[in-house]
Amino acid sequence: MTAATDHRDHSDHTTDDEGLGDGDGEHARVEDDSVQEDARVTGDFDGHARVEGAGESASTEPFAPMESMNSMESADTGAGAGTDTGVGAGTETDSGGFWDDGLIARRVSATDEGQGQVVREPVGEPWSPPVAPLVYDGTLRSRLDALRELVGLSRTRLDSKTLAEAGRVLDAAAARRRLSGQHTVVAIAGATGSGKSQLFNALAGVAISETGVRRPTTAAPIACSWSDGAATLIDRLGIPGRLRRRPLQSPEAEAQLRGLILVDLPDHDSAVVQHREQVDRILKLVDAVVWVVDPEKYADAVLHERYLRPMAGHAEVTFVVLNQIDRLPGEAADLVLDDLRRLLDEDGIALGEYGEPGANVLAVSALTGKGIGELREALGHFVAERGAAARRISADLDSAAARLWPVYANRQWAGLSEEARDEFADRLADAVGATAAGEAAERAWCRHANRACGTPWLRLWRWYQDLREPPTGRQAVRPHAEEEATARQRVEQAVRTVAEQASTGLPGPWAQAVREAAVRGSQELPEALDELAAGAGTPAGRPPRPGWWPVAVLAQASMTVLQVIGGLWLLGQIIGFMSPNLGVPVLLMVIGIVGGPGIEWACKLAVRGPARRYGQEAERRLREAAAACGRARVLDPVAAELLRYREVREQYVRVTGAGTPIG
């Protein structure tokens, strides 16, 4: 019997090999410290050494029948000693044109006939042919751009925890896009005892992942790649080189699954916390998942509530495999499979039946091989499509959008209507006293007109009355303070009202942002309105005079002159200076005495229209000034927040895929 070598890279992986299997299913580990220092060459049982080429997939020759573990150990040691100085005539010592992975190990699995098979396990790829990066279509790129814009616009309005999932999706999409688009990463996940590692070995065609009754058996994820160029994708999963394998497959089987990277995960319900954490971490990074269930635990609440139900939107990149159907007698397998489909339907997972997109549900037996061919074929078609990575990112986008729905979707129209704006302006005008200011301006105009058009005697009497009235007590301090406090309360009430009207219908965070913007703007609003009331109220100086005013003043002056002339005339007659004639001077005095009040009364009637217009103009100016102040300090910040919300709302609609442009 020829010798077989087992070489390891002593500096990196001294315990990589699992051991040798015999016909009884027992395991043994062959370790030789002298062999670990040998050259990195693998010999087959024909006496030839083989080095993997850059474009070759791993292939080996079958073992000769094994007689005993002792003979194997001696043969292994002898072969190792021979390779230190050189190998036989068939040995390739020049590795030019081939790649050396630094470690080519052997794993042996026993068969029923006592025959073993060697699996080469390249744990690193110093050189691999260049692979094309993943390319997203226009729709997916547009959705990712919209999500990126959405996150950017929302950072100052939403907490980081709310945006964490969206940020993770963006990072994952960017990282996956830089990696190979010719490979598909598929994880095999399942509960303890479901047989996922056994299924993993059945798909690989060789015992790669350890199986057994000890629980948990799989302690760390193991990756198996069917083609070159997968190193960067496996690096992203954080799987070390000692846990990377290449399957032993025929060229036909290898071509069927070319581009597949299969990852065997630890148990998702493992008692070891680190195992569950590894499962959750890698499930977020793979392109698809094969969930392996068994007839006993296919309805496990942990599986459905923690994984399947939250990932219902990922149905197109999900396989659900009912393993161990060999344990079910008769038609029990079909009954269990139907019940599994029912549970998946209740979880909201679309089933890929009758050509519709959805999850693939299959029944297999990894022990007997039943259904493995069908699963291999389904995986082959799935990988050949080269669309799993994009579908996974699209499903992640849908999931992130669903989580963000409460903070972006509004159930009714939100914003400031013209009615709300006018109501806010009216409240500020009332607070600043625009109506009272207009009435005061009207009275001032009338008073000025009366003084200008009244009789001189009446004006003297009013002047005398003003002198007699005490100057104190005309303006109380307490009423002014109470009036100022009332005005401030009115302003605050107006701000609260407009903030509530603007935020009605908005999601919680954006409604809060609108209210905060309104409160910030109203902090100095009462003081600003007081300044406006002082500057924009009744203008300083005399009110404007209408065109008929000089005529009325001249007529009033004429009446006064007639009174003076009539009075002097009568006085001259009394002292004898003039001849007696009472008719004319009395008539002049009567005309002056009656005409003066008559002209004043007529002027009062005439000034009502101009005085009212003057008061309305003063009120309008104050209202406009108060509205402008309120708009600049409150309405504009509120409108800015509403505009930002409309922008993020549009981006959110694009993220959901509604009306997304393609290009």
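**Salt bridges, burial and confidence in a predicted model**

Trainee: Is Glu641 buried or exposed?

Mentor: This is a predicted model, in which local features need pLDDT of at least 70, side-chain atom pairs count only at pLDDT 80 or more, and totals for chains, interfaces and linings use all residues. Residues are numbered from 1 along each chain as its sequence is written, and side-chain values use heavy atoms, with hydrogens and water left out. Buried means under 20% relative accessible area, exposed over 50%, and partly exposed in between (1.4 Å probe, protein chains only). Because the relative accessible area of Glu641 is 8%, Glu641 is buried.

Trainee: Which residue forms a salt bridge with Glu641?

Mentor: A salt bridge is a side-chain nitrogen of Lys or Arg within 4 Å of a carboxyl oxygen of Asp or Glu. Side chains of opposite charge can pair when their charged atoms come close. At 2.9 Å, N to O, the side chain of Glu641 meets that of Arg157.

Trainee: How many residues apart in sequence are the parts that this pair ties together?

Mentor: Helices are DSSP runs (H or I, at least four residues), numbered from the N terminus. Glu641 lies in helix H19 (residues 583–656), whereas Arg157 lies in the loop between helix H2 (138–154) and helix H3 (160–177). Arg157 is partly exposed, with a relative accessible area of 24%. The pair therefore ties together parts whose separation in sequence is 484 residues.

Trainee: Which residues does Gln651 contact, leaving aside its neighbours within four places in sequence?

Mentor: Gln651 has its place in helix H19 and counts as buried at 14% relative accessibility. Contact means heavy atoms within 4.5 Å. With the neighbours within four places set aside, the residues in contact with Gln651 are Ala146, Glu149 and Leu150.

Trainee: Which residues are joined into one network with Arg620?

Mentor: Arg620 forms a salt bridge with Glu617, with 2.2 Å between the closest N and O atoms. The two are 3 residues apart in helix H19, so about one helical turn separates them. Arg620 is partly exposed at 34% relative accessible area, and Glu617 is partly exposed at 31%. Salt bridges that share partners join Arg620 into one network with Glu617, Arg621 and Glu624.

Trainee: In which helix do Asp338 and Arg341 both lie?

Mentor: The side chains of Asp338 and Arg341 meet in a salt bridge of 3.4 Å, N to O. Both residues are partly exposed, Asp338 with a relative accessible area of 44% and Arg341 with 22%. They are 3 residues apart, about one turn of the helix, and that helix is H9.

Trainee: How many disulfides does a search of the whole structure find?

Mentor: A disulfide is a pair of cysteine sulfur atoms within 2.5 Å. Cys224 is buried, with 0% relative accessible area, and Cys629 also counts as buried at 12%. Across the whole structure, the number of disulfides found is 0.

Trainee: How many contacts does the model have for residues 1–126 beyond four places in sequence?

Mentor: pLDDT is the predictor's confidence in each residue, from 0 to 100. Its mean over the protein chain is 74, and 70% of the residues reach 70 or more. Residues 471–479 have pLDDT below 50, and this stretch has 1 contact in the model beyond near neighbours in sequence. Over residues 1–126 pLDDT stays under 50, and the contacts beyond four places in sequence number 223.
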